[in-house]
Amino acid sequence: MVGLIIATHGNTSEELVKSAEMFSGPLECCKTWSLNPGDNIEEGEKELEAYVEQLDQGEGVLIMTDLFGGTPSNLTLKIAMKHNVGILTGVNLPMLIQFISDRENSTLDQLIADCMEMGRNGILSPSEAMRERRYADG
């Protein structure tokens, strides 16, 4: 099973996991990591790396972060150079649910591709769709 780490600024990671667990029940082989004001970055990097080592059961670990170029994302890039780690930025609930659904039967690379697609597909504007429909109906 591919391990999972959600790494974000603030407590977003914990809340995303709580929300996902509403659909799936408790998540196995999953950790959250949060960066808050005043946190020691070096200590945080060590903690993230320790999580990777704990969660990698031989199939790798996927780390989902909130923002490309942010500290959580940058730290995971350093860790990925030493471990079998995939990284996705822009974590959202559809992406996380896709991961949970497929993690036991997919490789790390396949999970990355599927989660990216689901994350993109989960971004919609229902109000825009309603306006377009009203316009088309005339």
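Predicted model: local features only at pLDDT ≥ 70, side-chain atom pairs only at ≥ 80, totals over all residues.
Me: What order do the strands of the open sheet have?
Reply: The order is β2-β1-β3-β4. The sheet is open, has four strands and pairs in parallel.

Me: Which strands stand at the edges?
Reply: β2 (30–35) and β4. Each has a single partner strand, so one side of each lacks a neighbour in the sheet.

Me: And how are neighbouring strands turned against each other?
Reply: By 20° on average, direction ignored.

Me: How many bridges join β1 to β3?
Reply: Five, between β1 (residues 3–9) and β3, running parallel. Ile5 has Ile63 in β3 as its bridge partner.

Me: What stands opposite Ile63 in β4?
Reply: Ile87. β3 (residues 61–65) and β4 (residues 85–88) pair in the parallel sense over four bridges.

Me: How does the chain get from β3 to β4?
Reply: Through helix α3 (residues 71–80). This β-α-β crossover is right-handed.

Me: Switching to helices. Where do the axes of α1 and α4 cross, and at what angle?
Reply: The axes of α1 (residues 12–24) and α4 (residues 93–102) come within 10 Å and cross at roughly 50°. That angle makes α1 oblique to α4. The crossing of α1 past α4 is right-handed.

Me: Which residues meet there?
Reply: Leu16, Val17, Ser19, Ala20, Phe23 and Ser24 in α1 meet Leu93, Leu96, Ile97 and Ile100 in α4. By class, this contact has eight nonpolar, two polar and no charged residues.

Notes. Residues numbered from 1 in each chain as written. Heavy atoms only, no water. Axes fitted to C-alpha atoms, helices over the stretch in contact; angles between N-to-C directions. Helix = DSSP H or I, 4+ residues; strand = E, 2+ residues; numbered from the N terminus. Parallel < 35°, antiparallel > 145°, perpendicular 65-115°, else oblique. Left-handed = near helix turned anticlockwise from the far one by under 90°. Contact = heavy atoms within 4.5 Å. Nonpolar A, V, L, I, M, F, W, Y, C, P; charged D, E, K, R; others polar. Pairing = 2+ DSSP bridges. Right-handed = clockwise from strand over helix to strand, strands pointing away.
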